[in-house]
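Hi there,

Here is the structure I promised to pass on to you. Please have it open while you read the notes below.

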Amino acid sequence: MSKQYDAIIIGAGIIGCCIAYELAKKGYKTLNVDKLATAGYGATSNSCAIVRLHYSTPDGVAMAREGYYYWLDWPKYLQVRDPKGLAFYRNTGALVTKTEINKNLKNVMAALDDLGVGYVEVSPEELKDYLPCADTRSFFPCKTMDDPDFGKPTGDSIPGAIWVPESGYISDPQLSTHNVQIATEAKGGEFLFNAAVIEILKDDDGVAGVKLADGTEFQASVVVNVAGPHSFIINRMADVEKEMNIKTRALLQEVCHVPSPEGLDWEREGFILSDGDIGCYSRPEVGNHFLIGSEDPKCDEREWVEDPDNYNQSFSGQWTTQAMREAQRVKGLPIPNQRKGLVDLYDVSDDWIPIYDKSDLPGFYMAVGTSGNQYKNAPVVGVMMAELIEACEKGYNHDNQPYQFKMKYTKRICNVGFYSRKREINPDSSFSVIG
Ligand SMILES: Cc1cc2nc3c(=O)[nH]c(=O)nc-3n(C[C@H](O)[C@H](O)[C@H](O)COP(=O)(O)OP(=O)(O)OC[C@H]3O[C@@H](n4cnc5c(N)ncnc54)[C@H](O)[C@@H]3O)c2cc1C
């Protein structure tokens, strides 16, 4: 069996679907191939789906700002109604603490100012107006639980915080991906599930298609690697990794769900808390829970995963460490013996900044290395990648002269070369999920 497409997208996560949608809108005959059973069942389904604007560079803020508008404008973006319902953006605001590690938010505030994003500075005394049960002492630097000083305050007060009212999260990341699948199908795009790509086909001109585990071959002169934590495997299949200066690998992550302290209605009144002082981020979760993720403090050992199809998905001591760290800030946070939450993988690049690029194999593109923070940007990445692919397929030499992408809502120009596979490691990166 063999069939011809204009573009094959490997992966039907949120970014793979958004790229397919934009290509289909341009008239490309697209096929998304995914080895899982439906759209958004990979890392996307376990995403915390936080939409926040605080990044430490204007480029980072610009991308998130642009993405934010797509989520606000979701029904218009999709143009069709998904019978399963629409995912929605819930605005909560975000409290971001000042710490040494984020340079007391100097760069973040400058980047927010640059983009005209509103925020207020919150003094240590005012912190209790936002979080009445907050312990405002400093615990920095973060420690592991075997450190005798774990949980002991190191200062009387953190230096303060900023409150960014335009921040929140998407109700259901898997549903949002299904929404984009329906929108793509309405434009003629096709999807194939339970289908694993095992080979990238090539001919004299470059990429020629993909081969599946059952022997099926599909032809296309454009193939896009959007395989999430499997991205390095697909790049190796295409034999493009050796010419990449920045590479990707899979990193284990644990997310805890713990009940709110007694008397606190965090599900309704809660917000995003990004707290570098304790090395955690959190947001409200259904069941009046705190959902707690790690901001990857230096002291924590990173668990790189060689085989993203076969890794330990049980909770480890990291779960307890994260919950205990959050309890340093949130007084009375209960830590149940029965651990709830999830274990999944980030697709991390060497500098924790994504690779949105072509490759040295003509027709082979990649949107990878999303490093735990690109769900929010998926609709923008879809538009940007579709433009990049169209330009390169018409002969544009993006490696020599990086493509300049104009964002629809913010009207800002994004230098796509910022995301090049050939870039030097970006020293301004936080080398963490914060970006
Ligand atoms: C725990 C966690 C929390 C996160 N929280 C946030 C957050 O709060 N905010 C935010 O902005 N971002 C967050 N992220 C990051 C965000 O979820 C990802 O950047 C985003 O979901 C990536 O989407 P994707 O489409 O690139 O990849 P994925 O969703 O991983 O999809 C890749 C797909 O490729 C398929 N695939 C792989 N190999 C093959 C193959 N050989 N053949 C066929 N199919 C294949 C997989 O089955 C999978 O469905 C988080 C990520 C995790 C893991």
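What follows is a short tour of what turned up in it.

Before anything else, please keep in mind that this is a predicted model.

**The ligand**

Let me start with the ligand. It is surrounded by 36 residues, and the closest of them are Asp34, Thr44, Ile50, Thr370 and Lys376. By class, this shell is made up of 20 nonpolar, 13 polar and three charged residues. Two elements that each give the shell at least two residues are helix 1 (14-25) and strand 20 (340-349).

At Ile14, a backbone N or O atom is 3.3 Å from an oxygen atom of the ligand. On its own the ligand has 1000 Å² of accessible area, and the protein covers 97% of that.

Next, have a look at strand 16 (residues 272-275), which is covered on both faces. Ile272 and Ser274 are buried on one side, and Leu273 and Asp275 are buried on the other.

Strand 16 pairs with strand 6 (residues 94-97) in the parallel sense, over three bridges; here Ala94 has Ile272 as its bridge partner. With strand 17 (residues 280-285) the arrangement is antiparallel, again with three bridges, and Leu273 stands opposite Ser282. Strands 16 and 17 form a hairpin with four residues between them, where Gly279 has a positive phi near 75 degrees.

**A second hairpin**

Strand 21 (residues 355-358) and strand 22 (residues 364-368) run antiparallel and are joined by four bridges. Tyr356 of this pair faces Ala367 in strand 22. Five residues separate the two strands of the hairpin, and Gly363 in the turn takes a positive phi of about 85 degrees.

**Cysteines**

How many disulfides does the structure hold? The count is zero. Take Cys17: the closest cysteine sulfur belongs to Cys18 and is 7.0 Å away, so the two are too far apart for a bond. Cys17 is also buried, at 0% relative accessibility.

**Backbone details in the loops**

The peptide bond from Phe140 to Pro141 is cis, with omega near 0 degrees. Pro141 is found in the loop between helix 5 (127-130) and strand 8 (161-164).

Asp239 is a residue other than glycine with a positive phi, near 60 degrees. Asp239 belongs to the loop that runs between helix 7 (231-238) and strand 15 (248-259), and at 44% relative accessibility it counts as partly exposed.

Lys411, too, is a non-glycine residue with a positive phi, in this case near 65 degrees. The loop that holds Lys411 lies between strand 23 (404-406) and strand 24 (413-415). Is Lys411 buried or exposed? With a relative accessibility of 52%, Lys411 counts as exposed.

How values were computed:
Residues are numbered from 1 along each chain as its sequence is written. This is a predicted model: local features need pLDDT of at least 70, side-chain atom pairs count only at pLDDT 80 or more; totals for chains, interfaces and linings use all residues. Side-chain values use heavy atoms; hydrogens and water are left out. A residue is near a molecule or strand if one of its heavy atoms lies within 4 Å of it. A polar contact is a pair of N or O atoms within 3.5 Å; within protein, one must be able to donate a hydrogen and the other to accept it, and residues adjacent in sequence count only if both atoms are side-chain atoms. Accessible areas come from the Shrake-Rupley method with a 1.4 Å probe; for residues, only the protein chains shown count as cover. Ala, Val, Leu, Ile, Met, Phe, Trp, Tyr, Cys and Pro count as nonpolar, Asp, Glu, Lys and Arg as charged, and the others, Gly among them, as polar. Two strands pair if DSSP finds at least two bridges between them. A disulfide is a pair of cysteine sulfur atoms within 2.5 Å. Buried means under 20% relative accessible area, exposed over 50%, partly exposed in between (1.4 Å probe, protein chains only).
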